[in-house]
Amino acid sequence: YRDISIVCTDMASYKNTLSLVLHRCGIPLYLSGTEEILEKSVISALLSALNAALDGFDSRDVLRYFKSPLSPVNMDVCDHLENYAILWGIQGSRWLNSWENHPAGMGEEWTDSAREQLARLNEARALCISPLLQLYRKFRSAVKLQDQVEALYDFFEDICLAKRLDDMAKE
């Protein structure tokens, strides 16, 4: 039986039938690899980053990447970035440019605190968006598949993926 492998794309759909049929035939069943790889946080984060960079910086993808374990900022900062993005309808290229609107909304008085908060938001936005922008630029200029692979590798280096994965494994 060790020479038999059954591979399918959606094990959840086939698991019960497969178990029943193999049991009737007296064949033992060992299930492996039944986890959905796209549900893994790191894979999801990398796909969100790719989607954000290559699909015009859609807010959903950008924020999904910002909230991922690969984000260079903590969740509290992500929440502030998300609140600002929702408040001011940040989409597309507006992620790439410095933000200038009041962090509390239209008609609010500009205070030193508000200016400092906006500066912190812009600093966090730039920190998070910079690797995505580099990925976008390198993919746009890529002529061959090799160029795309190198762009993706450079993105991994920019976000210190190896170190982050090592830190996550240690946790």
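## About the model

Residues are numbered from 1 along each chain as its sequence is written. Because the model is predicted, local features need pLDDT of at least 70 and side-chain atom pairs count only at pLDDT 80 or more, while totals for chains, interfaces and linings use all residues.

## The nonpolar core

Nonpolar side chains tend to be buried together in soluble globular proteins. A nonpolar core here is a set of buried Ala, Val, Leu, Ile, Met, Phe, Trp, Tyr and Cys residues joined through side-chain atoms within 4.5 Å, where buried means under 20% relative accessible area (1.4 Å probe, protein chains only). The largest one has 34 residues, and W99 is among those with the most contacts inside it, as are Y65, F66, L70, W95, L132 and F155. The elements giving two or more residues to this core are α2 (41-54), α3 (59-66), α4, α5 and α6 (145-158); α5 gives the most, with 9 residues. These helices are DSSP runs (H or I, at least four residues), numbered from the N terminus.

Let's look at W99. Leaving aside neighbours within four places in sequence, W99 is in contact (heavy atoms within 4.5 Å) with residues including L81, Y84, L118 and L121.

## Cysteines

How many disulfides are found in the whole structure? The search finds 0, a disulfide being a pair of cysteine sulfur atoms within 2.5 Å. For C160, the nearest cysteine sulfur is that of C128, 13 Å away.

Terms used: Heavy atoms only, no water. Buried < 20%, exposed > 50% of the residue type's maximum accessible area, 1.4 Å probe, protein only.
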